[in-house]
Amino acid sequence: MLLAYTWAVGQVFLLTFAFFLFLLWIWLLIRISIDVFRRHDLSGMGKAGWILALILFPIMTVIVYLITNPLSISTSSVGAFAPSDAAIARQIKAAH
């Protein structure tokens with residue numbers, strides 16, 4: 001019962017906000033790692049360099065990666081659905 005009196009509404013809000021920012025940060029690190037491994041224009045050493053930089057200097061590496069490769073993250077997820085769209089279009093044409 002004593003614990004309920006020690007937490008103010010603002011503190012709960014800030015703690016919740018910090019928790020979701022932490023989740024966003026983890027998601028961003030994972031998403032950039034996935035994007036680095038999906039890229040075909042990078043060599044193995046380039047991929048290893050990006051991952052090593054993410055581990056050693058995460059904040060600076062995320063900022064640099066988002067500035068230098070802004071379309072790479074968005075187009076990789078869109079391009080993954082292109083074959084399924086073409087297959088659906090073929091099925092619709094075959095049905096008519």
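**Figure 1. The salt bridge between arginine 39 and aspartate 41.** By the rule used here (a side-chain nitrogen of Lys or Arg within 4 Å of a carboxyl oxygen of Asp or Glu), the count comes to 1 salt bridge. Its partners are aspartate 41 and arginine 39, whose closest N and O atoms are 2.7 Å apart. Side chains of opposite charge can pair when their charged atoms come close. How accessible are the two residues, aspartate 41 and arginine 39? Aspartate 41 is exposed, at a relative accessible area of 59%, whereas arginine 39 is buried, at 12%. Here buried means under 20% relative accessible area, exposed means over 50%, and partly exposed lies in between (1.4 Å probe, protein chains only). A word on what you are looking at: this is a predicted model, in which local features need pLDDT of at least 70 and side-chain atom pairs count only at pLDDT 80 or more, while totals for chains, interfaces and linings use all residues. Residues are numbered from 1 along each chain as its sequence is written, and side-chain values use heavy atoms, with hydrogens and water left out.

**Figure 2. The whole chain, with 6 helices and 0 strands.** Helices (H or I, at least four residues) and strands (E, at least two) are DSSP runs, numbered from the N terminus. The chain has 96 residues, and 20% of them count as buried. Contacts (heavy atoms within 4.5 Å) also say something about the fold: of those with a separation of 6 or more, 50% join residues 24 or more positions apart. Accessible areas come from the Shrake-Rupley method with a 1.4 Å probe; for residues, only the protein chains shown count as cover.

**Figure 3. Helix H2, residues 9-38.** The 30 residues of H2 should span 44 Å at 1.5 Å a residue, and the end C-alpha atoms are 43 Å apart, which agrees. The expected span is 1.5 Å times one less than the number of residues. Look in H2 for the buried residues Leu28, Leu29, Arg31, Ile32, Asp35 and Val36. Aspartate 35 has a relative accessibility of 1%. Its C-alpha atom is 9.8 Å from that of lysine 47, which is 12 residues away along the chain.

**Figure 4. A nonpolar surface patch.** Which residues make this patch of about 660 Å²? They are Phe19, Phe20, Phe22, Leu23, Ile26, Ile30 and Ile34. A patch is made of residues with over 30% relative accessible area and no salt bridge; like charges are joined within 9 Å, and nonpolar side chains (Val, Leu, Ile, Met, Phe, Trp, Tyr) within 5 Å. Isoleucine 26 sits in helix H2 and is partly exposed, with a relative accessible area of 33%.

**Figure 5. Helix H3, residues 44-56.** From first C-alpha to last, the 13 residues of H3 reach 18 Å, close to the 18 Å expected at 1.5 Å a residue. Lys47, Trp50, Ile51 and Leu54 are the buried residues of H3. Seen down the helix axis, these buried residues fall within an arc of 95°, so they line one face of H3. The arc is that of the directions from the helix axis to the C-beta atoms. The buried residues of H3 pack against H2 and H4. Turned away from that buried side, Met45 and Leu56 are exposed. Alanine 53, also in H3, is partly exposed at 21% relative accessibility. Beyond its neighbours within four places in sequence, alanine 53 is in contact with Pro58 and Thr61.

**Figure 6. Helix H4, residues 58-68.** Thr61, Val62 and Tyr65 are buried in this helix. Viewed down the axis of H4, the buried residues fall within an arc of 100°, so they line one face of the helix. On the other side of H4, you will find Ile59, Met60 and Ile67 exposed. An α-helix has 3.6 residues a turn, so residues three or four places apart point the same way.
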